[in-house]
Amino acid sequence: MAQNQRRFNVTNHQIPIPTLHQSTTNTTGTDTGTSTRASKTASSSDLSILTRFHAGYFRISLALCSQALLWKTLAEPTTDARALSSIVRTIPSFAFILLWSIALLTLLLLCLLYLVRCFLRFRSVRAELAHHVGMNYLFAPWISFLMLLQATPFLQPDNRLCRILWCAFSVPIVVLDVKIYGQWFTQGKRFLSMVANPTSQITVIGNLVGAHVAAQMGWKESAVCMFSLGITHYLVLFVTLYQRFLGSDSLPAMLRPVFFLFIAAPSTASLAWDSISSSFDTGCKMLFFLSLFLFASLVSRPALFKRSMRRFSVAWWAYSFPLTILALAATEYAQDVKGVIPNVLMLVLSVLSVVVTLALMVFTALKTNDILPHDDPFVCYNIARGTTT
C-alpha cells in the first residue's frame, strides 16, 4: 500500500503543471511578447548595417584612390608612355578631377559610417581590434588619404597644407605600428607566427606609402624613417608567411582575393625607394621583378580563387588595389628603361587594373544585396555577439 502511494506521488509530480502554467502565460502575454520581439527586431534592423559593416570595406577606397593616382601618373608630361600617350592625352582633365572626387567622396562616406559604428557599435569595433584580419584593415583609410593627397590636382607636393595633411594621415599609421608591431614580438597569443596572414601586409604598405609621399614633398628623413619601418617588417613578414606555421590562423575561402596583397607590398616598396633615391635603381627593379613573379604565381593558380568567385562579395575589391600599384611600378620602370617591352608591360598592367576596377564597380552596382552579407567571415560579429549583454 505504501509502495502504491509512493508510485502515486511520483505520478502526480509528473503531471505537466508547468506546461499548463506556461501555456496560460503565453496565452495571456501573447501581445506583450509579440510587441517586445517586434521592437527588438526593428531596433536590430535599424542598426544591422552598422553591425555588418567593418574596416574591410575600405578595400573600395583603396582601389579608387590608387586608380586616381595611376591616371594622374600616366597623364604627367614626364611619363614616357608611348603606348598610352595617344589615349591618355585625349582624355580631358575634368575626367581625372571627377575620378579623384568620386574616390574622395567614397572614402569620406566609408569613414563616416565607420565613425558612427564606433559610437553605436563600439563592442564590435573593439572585437575588430582583436581580430587577426580586422585590425590590419584599420590602416586602409589612412593609406587611401595619403594616395589621394599624392594624386590631388589642387595642391603641389611642397605646399604647406599638403605637409600638414601628411602629418595628420601618417601619425595614425605610426600609432597603429606601435600597437601591432609591438604585439608581434611581445604577446604570446599575438606572436607574428600565430596571427600572420596576407592582410598583415597592409601594415607594411601603410609605412611605404607614407614614405613615398614624404619623399615627394622633400622630407627625405621622414621618408627614410617610414621606409625602414616598412621594409624591415616586410622582410620578417614575408618569411613568416612563406613558412606558414601550424599555429597561424588560416583565411576562409571567401577572403582568398587578399592573396594579391603579396603583389602590392614589393611594388609599393619599389615606388617608395624610387622617390627617396630619385631614380629607379637596381633595388627598385629587384622589388618590381619580385612583384611580377608573385603576380605570375597567383595568376597561374586559378583554383586557389575558385571558391571565392562563386558569389560576389566585397572581398573581390582586393584584386584592384594590388594590380593598380603594380601598374604604377611598371610605369616607373618604363620611364627608366626605354624600350618596347617595358611600355607593353605598362600598357597591359594599366589596362588590366582599369578593367578590373570598372568590372568591380559594375558588380557592386548590380549585386547590392550581396554588399552586406550576413555570412561575411571577415566581420567580428560572432565575437561581438559573445560579449554583448
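This is a short talk on the fold, confidence, side-chain pairs and surface of one protein model.

Let me start with the ground rules. The model is predicted, so local features need pLDDT of at least 70 and side-chain atom pairs count only at pLDDT 80 or more, while totals for chains, interfaces and linings use all residues. Residues are numbered from 1 along each chain as its sequence is written, and side-chain values use heavy atoms, with hydrogens and water left out.

Confidence next. pLDDT is the predictor's confidence in each residue, from 0 to 100. The protein averages 81. Of the residues, 78% score at least 70. Residues 1-46 stay under 50 in pLDDT. That stretch has zero contacts beyond four places in sequence, a contact being heavy atoms within 4.5 Å. Residues 380-389 are also below 50. Here, though, the model has 12 contacts beyond near neighbours in sequence.

Now the fold. There are 18 helices and zero strands. Both are DSSP runs numbered from the N terminus: helices are H or I with at least four residues, strands are E with at least two. The chain has 389 residues, and 47% of them count as buried. Buried means under 20% relative accessible area, exposed means over 50%, and partly exposed lies in between, with a 1.4 Å probe and protein chains only. Take contacts between residues at least 6 apart in sequence: 81% of them join residues at least 24 apart.

On to the rings. How many aromatic pairs does the structure hold? The count is 24. Rings of Phe, Tyr and Trp (its six-membered ring) pair if their centres lie within 6.5 Å; planes under 30 degrees apart are stacked, over 60 edge-to-face, and the rest tilted. One of the pairs is Tyr 234 with Phe 238, with centres 5.6 Å apart and planes at 40°, so this pair is tilted. Both residues sit in helix H13, residues 220-243. They are four residues apart there, so about one helical turn separates them. Tyr 234 is buried at 2% relative accessible area. Phe 238 is buried too, at 17%. Elsewhere, ring pairs join Phe 53, Tyr 57, Phe 58 and Tyr 114 into a cluster.

Charges now. A salt bridge here is a side-chain nitrogen of Lys or Arg within 4 Å of a carboxyl oxygen of Asp or Glu. By that rule, the count is one. Which residues form the salt bridge? Lys 285 and Asp 336, with the closest N and O atoms 3.3 Å apart. The pair links distant parts of the chain, 51 residues apart. Lys 285 is in helix H15, residues 282-299, and Asp 336 is in helix H16, residues 320-336. Lys 285 is partly exposed at 25% relative accessibility. Asp 336 is also partly exposed, at 37%.

Stay with Asp 336 for a moment. Its C-alpha atom is 8.6 Å from that of Asp 281, which lies 55 residues away along the chain. Asp 281 is in the loop between H14 and H15. Its relative accessibility is 26%, so Asp 281 counts as partly exposed.

That loop also holds Ser 278, with H14 spanning 261-277. Most residues other than glycine have a negative phi. Ser 278 is exposed, at 59% relative accessible area.

Back to H15 for Phe 289. Phe 289 is partly exposed at 42%. Its C-alpha atom is 8.9 Å from that of Pro 266, 23 residues apart along the chain.

Helix H10, residues 160-186, gives another such pair, through Ala 168. Ala 168 and Phe 145 are 23 residues apart in sequence and 9.8 Å apart, C-alpha to C-alpha. Ala 168 is partly exposed at 42%.

Last, the surface. The protein exposes about 19,600 Å², and carbon and sulfur atoms supply 67% of that. Accessible areas come from the Shrake-Rupley method with a 1.4 Å probe; for residues, only the protein chains shown count as cover. Which residues form the nonpolar patch of about 510 Å²? Leu 112, Leu 115, Val 116, Phe 119 and Leu 120. Patches take residues with over 30% relative accessible area and no salt bridge; like charges are joined within 9 Å, and nonpolar side chains (Val, Leu, Ile, Met, Phe, Trp, Tyr) within 5 Å. Leu 115 lies in helix H7, residues 93-120. Leu 115 is partly exposed, at 46%.
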